[in-house]
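Please open the structure in a viewer and keep the sequence at hand.

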Amino acid sequence: MDNKVIGFGIVGTGAIAGIHAQAIAALKNAKLLGAYSLTKAKVDEFATQYNCRAYDSLDELLKTEGLDIVCICTPSGAHLEPALKAIAAGKHCLIEKPIEVTLEKTDQIIAAAKRKNVQVAVVFPTRFYPASQHLKKAIDSGRFDQLALASSYVKWSRTHEYYSSNPWRGTWKLDGGGALMNQAIHSVDMLQWCMGPVQSVMAMSGNVKHKNIEVEDTLVAVLKFANGAMGTIECSTAVYPGAYKKLEIMGSAGTVVMEDNDISQWQFEQQTEQDTKISEGPSEHLSKGGVADPKAISYSGHQKQMENMIEAIYNNGQLLIDAEEGRKSVEIVLAIYKSAQTGQLVKLPL
């Protein structure tokens, strides 16, 4: 393994593809071999910027010698076709969140990967930051005692130009949803990872600022977890100037609050020496949160996720966010949308 160079390819060359390219460049023993996009001018520009080959077709990219992992960076509702082609070619896939915008498409990807025995990971870099890892360890070791409340806030600013920059933005078919499916899904993933399965949801949504898109720009949801705890989600792309995302996990014996990827509160009934180190740890505000600019994020989390994927593929490590794990947040989001559209309590699984 020490001498093997892991070959990467990228499908789709929008803004997030650049984050993938930067993360690949930061990896040991990895190389971005090429990229493919439906728009030739874009892939040519991307290939020049990131020193890789521009491909005219996905099939041609998939035949590249030494290609191991394909990063799927197309619009959310266009993940299925390139994922199935890559899997059929025996390539491992790292798919940007959400894995797809329907459970039917998601399940097709999962089934294909099982048939071909390839790894599929879904991008949720928040899980890989030290603060998130400390939080999960505290939950798993029972330090909160009975989990009671979990709340996530993603109150960001997006311009009208953001939605008009591409015809697929703000559409159900290719964006899959608005502030919840695109911006807050990272927090949905964190909520279910920390709190366990969601039992039911109630939600309301609307368009406060962006009246010309199909999907919501503001949404509020209430969640009931299988363990008896409750939670809330507040998300928007309609507020100015926007704020760092926040996650609050509270139990009968402790409270942890994260802002962006920093711990702002770490307090337990039974304190340990390690608690002081964690609460006073270095800042992880590497990303500027994507609060008002979707490009203003760090590649650090993507790099850590790629390292996890390489470890799982080549060194018998554990894939932290596989396709089945990526499916969970999609199901929760779709249940919330169903509740917002019907005004009814929606139970899971769907």
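**Stop one: a pair of strands**

Begin by selecting E234, which is partly exposed at 27% relative accessibility. The model is a predicted one.

The whole structure contains 15 salt bridges. Select K4 and D68 next, whose side chains meet at 3.3 Å, N to O. K4 lies in the segment before β1 (6-11) and D68 in strand β4 (residues 67-72), 64 residues apart. Is D68 buried or exposed? With a relative accessible area of 12%, D68 is buried, whereas K4 is partly exposed at 31%.

Move on to R143 and D275, which are joined by a salt bridge of 2.7 Å, N to O. R143 is found in the loop between α6 (130-140) and β7 (147-155), and D275 in helix α10 (residues 273-279), so parts 132 residues apart in sequence are tied together. D275 is buried, at 1% relative accessible area. Then select R127, D189, E325 and K328, which a network of salt bridges links.

**Stop three: helices and surface**

Display helix α1 (residues 15-26) with helix α11 (residues 300-314): their axes come within 8 Å and cross at roughly 60 degrees. That angle makes α1 oblique to α11, and the crossing is right-handed.

Finally, select M202, V222 and L345, which make a nonpolar surface patch of about 250 Å². V222 is located in strand β9 (residues 218-225) and is partly exposed, at 46%.

How values were computed. Residues numbered from 1 in each chain as written. Predicted model: local features only at pLDDT ≥ 70, side-chain atom pairs only at ≥ 80, totals over all residues. Heavy atoms only, no water. Patch = residues over 30% accessible without salt bridge, like charges linked within 9 Å, V, L, I, M, F, W, Y side chains within 5 Å. Areas by Shrake-Rupley, 256 points an atom, 1.4 Å probe, with all protein chains shown as cover. Salt bridge = Lys/Arg side-chain N within 4 Å of Asp/Glu carboxyl O. Helix = DSSP H or I, 4+ residues; strand = E, 2+ residues; numbered from the N terminus. Buried < 20%, exposed > 50% of the residue type's maximum accessible area, 1.4 Å probe, protein only. Axes fitted to C-alpha atoms, helices over the stretch in contact; angles between N-to-C directions. Parallel < 35°, antiparallel > 145°, perpendicular 65-115°, else oblique. Left-handed = near helix turned anticlockwise from the far one by under 90°.
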